Amino acid sequence: MSSISSRLRPTAAALGGLGPSQPVTGLVWRSGSLIAIIFILALLAWRAPLLLSPGNIGLVLAQASIVGTLGFALTLVVAAGGRDLVKGGIDLSLAANLGLSAALYASLLTAGWGDLPALGLTLLAGLGVGLLNALAVTVIGILPLLATLATMSVCAGAELVLTENLTVPASSPFLDWLAGQGPLDFPVMAWALLVLAAILALLLHGTPLGLRLYGVGGNPAAARAAGLRVRFYLALSYVLAGLLAAVAAVLAVAFTSAATPGSDEMLLPLIVTTFLGTVFSSRLRPTIGGTLLSALFVGFLVNGFQLLAISSYWANGIQGFLILVVVATTRKLGPGARR
Amino acid sequence: MTNLILRHGITVVTVLAFAFFGWNAQGFLSVPNLASVLVNNVALLAIAAFAMTLVVRTGGIDLSIGTAIDMAGLAFVAALRVNLGVTIAVLAGLAAAAATGGFNALLITRLKISPFLATLGTLFIGHSLQQLLADGGNPIYVTAASLPPAFQFLGHGLILGVHLRIWLVVILALAMALLLSRSSFGRRLTASGMQVNVAWYSGLPVDRDIALVYVLAGVICGIAGVLLTAGVSVYVPFAGNAFLLNAIGATFIGTTLSRSHVANVQGTLLGVILISVAANGLLLIGWNFYWQQLATGMVIFLALAFTFGGRRLAGGTP
């Protein structure tokens with residue numbers, strides 16, 4: 001036990017690279033952003049009372065489970081890679097990985113594979129894409145932004161070859177169960193999102209492994225000096241992210257009962273989800289809880305728009321506007337603001 | 001030695017690609033095919049990649065080059081449809097693209113948002129804007145009544161037997177090479193790209209220069225947008241995004257040509273030619289569109305692996 005805590009100490013020192021925590025500003029900041037978001041949701045709920053009906057909440061959660069899972073994946077990568085967007089951690093291949101994994105999963109089921117082997121191979125494929133990213137970033141040394149951009153186009157190409165840009169319908173007992181209602185009359189996919197969030201939050205925020213991932217991302221030089229295998233943790237984050245993309249792919253196939261082309265449209269919402277989520281953290285770090293909250297917020301926002309019959313054409317613009325507002329205000333007002 | 005191989009590696013790969021497709025693909029080395037590759041594949045990608053090169057030179061990135069291209073096409077077509085004349089329409093297109101770049105500049109230099117997130121936001125907003133203005137993303141055709149000869153010239157014109165697009169690529173390449181390597185503006189940009197803090201403390205007008213770069217990149221994309229739209233007589237929403245990945249790939253492949261790994265015009269042009277030749281050659285060999293996508297992705301991945309892996313082997317930090 002003492003060996004663990006003594007090994008944790010230098011890691012915590014590595015975290016110092018993020019700047020000393022500022023509890024007061026951090027708290028004000030966090031509650032401020034929470035209040036803003038609750039206010040927006042309350043406004044939506046007031047105009048569209050259906051928004052907060054139990055059935056609708058379940059639907060929003062089930063819908064958010066796909067982009068939320070991808071958001072968790074990006075959260076891991078950004079945690080271990082650092083927030084510098086060009087040189088730090090970023091995985092642009094997540095959405096394309098989802099597309100490829102979903103296409104593979106649906107094709108395997110269509111080809112008559114059983115649930116378990118198809119699921120296993122799909123998760124393995126997602127993991128493989130993550131491994132390719134890890135290799136490119138840590139062994140070859142390609143900038144993550146470029147490496148994952150390239151794997152993104154490899155995945156998208158492979159998906160096209162596999163599906164010829166057509167929808168692959170899929171059904172199986174497992175998918176039926178996943179798409180159905182679970183305990184408390186809540187969709188299974190909604191439960192899946194919450195359970196996944198709990199597991200990952202425990203992993204990232206409650207274990208030495210999580211602390212080391214943040215340490216590596218916060219200050220690689222300090223982490224290296226503290227004896228952490230920086231490349232290993234960096235690689236691990238990409239591999240886990242790849243695996244999570246495959247999990248999201250299974251959820252996506254369950255949600256639409258098919259693998260559909262156009263997964264690349266998910267890339268931008270997933271980046272928004274992760275970076276919007278940083279406002280819920282006192283140090284403006286991406287956290288699992290923050291990502292979950294922002295996935296739900298964006299989910300309710302888009303859903304509220306639908307209920308209010310506002311054109312879906314606005315959705316992208318609002319998300320783009322949101323991310324700019326969030327980043328600009330965190331720059332100017334948030335904890336650790338510079339200049 | 002490793003450096004030498006690295007610096008000329010992309011040239012060798014490009015020559016090998018020419019040799020491979022010349023040997024295997026019927027008609028690849030014929031003059032009409034190569035001319036068509038230049039006009040249809042290389043030219044517009046080169047112009048878009050020049051915009052990217054300029055931004056990457058300052059240490060930034062522009063994910064919204066496709067948006068600038070689309071905005072230019074949209075404004076160009078909109079002006080033509082209300083019969084404002086080709087000159088005004090071209091200016092409107094360039095202005096729309098410049099405004100896109102100006103929006104990026106505002107976000108990056110005033111609000112201090114990182115180029116990646118700022119241009120990502122612009123990409124998002126541009127997507128919505130096009131959906132709203134183009135009725136959900138429907139193509140907008142240039143009506144037959146509004147097709148003066150000047151419009152035809154923009155799309156398919158020849159000067160001394162050479163396509164207008166090629167002339168523009170050559171002029172832009174020369175202008176940018178001169179700007180980057182011979183002007184004090186170019187040296188300031190390179191300084192900002194390498195050590196932005198040092199440049200700032202040295203009293204360079206970093207913010208002003210970088211703002212100008214994003215506007216300039218927008219205008220260059222505007223040229224591509226107007227040429228693209230004039231070439232097919234229709235504005236297709238989100239068409240510009242197809243250039244993004246290849247422009248980034250070409251620009252970073254091109255950095256291998258430079259001793260100090262900075263983005264440069266010659267390298268970018270070589271990268272564009274490599275990507276275009278690979279696409280055309282694979283098409284002639286009989287690979288369908290889907291396999292081409294996969295192969296292009298792999299080519300870019302390998303080129304990047306070669307670039308960065310070589311640098312790591314050579315001992316430099318990427």
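The following paragraphs describe a predicted model of two chains, A and B, beginning with chain B and ending with the contact between the chains. Residues are numbered from 1 along each chain as its sequence is written, and chains are lettered from A in the order in which they are written. Local features need pLDDT of at least 70, side-chain atom pairs count only at pLDDT 80 or more, and totals for chains, interfaces and linings use all residues, while side-chain values use heavy atoms, with hydrogens and water left out.

Chain B holds 13 helices and four strands, where helices (H or I, at least four residues) and strands (E, at least two) are DSSP runs numbered from the N terminus. Its radius of gyration, taken over C-alpha atoms, is 20 Å, close to the 20 Å that the globule rule gives for 318 residues, so chain B is as compact as a globular protein of that length. The globule rule is 2.2 Å times the number of residues to the power 0.38. Along its principal axes, the C-alpha trace of chain B spans about 60 × 55 × 35 Å.

For chain A, an unreviewed UniProt entry places the feature "transmembrane region" at several spans, including residues 188–211 and 291–311; such annotations may be inferred rather than shown by experiment. Residues 188–211 of chain A are 96% helix and 0% strand, with end C-alpha atoms 31 Å apart. Residues 291–311 of chain A are 81% helix and 0% strand, and there the end C-alpha atoms lie 26 Å apart.

The contact (heavy atoms within 4.5 Å) takes 47 residues from chain A and 43 residues from chain B. Chains A and B bury about 3900 Å² between them, 79% of it on carbon and sulfur atoms; buried area is the accessible area (1.4 Å probe) lost on putting two parts together, summed over both. On the side of chain A that touches chain B, α5 (115–140), α6 (144–163), α12 (267–277) and α14 (314–332) each supply at least two residues. The largest share, 13 residues, comes from α14(A).
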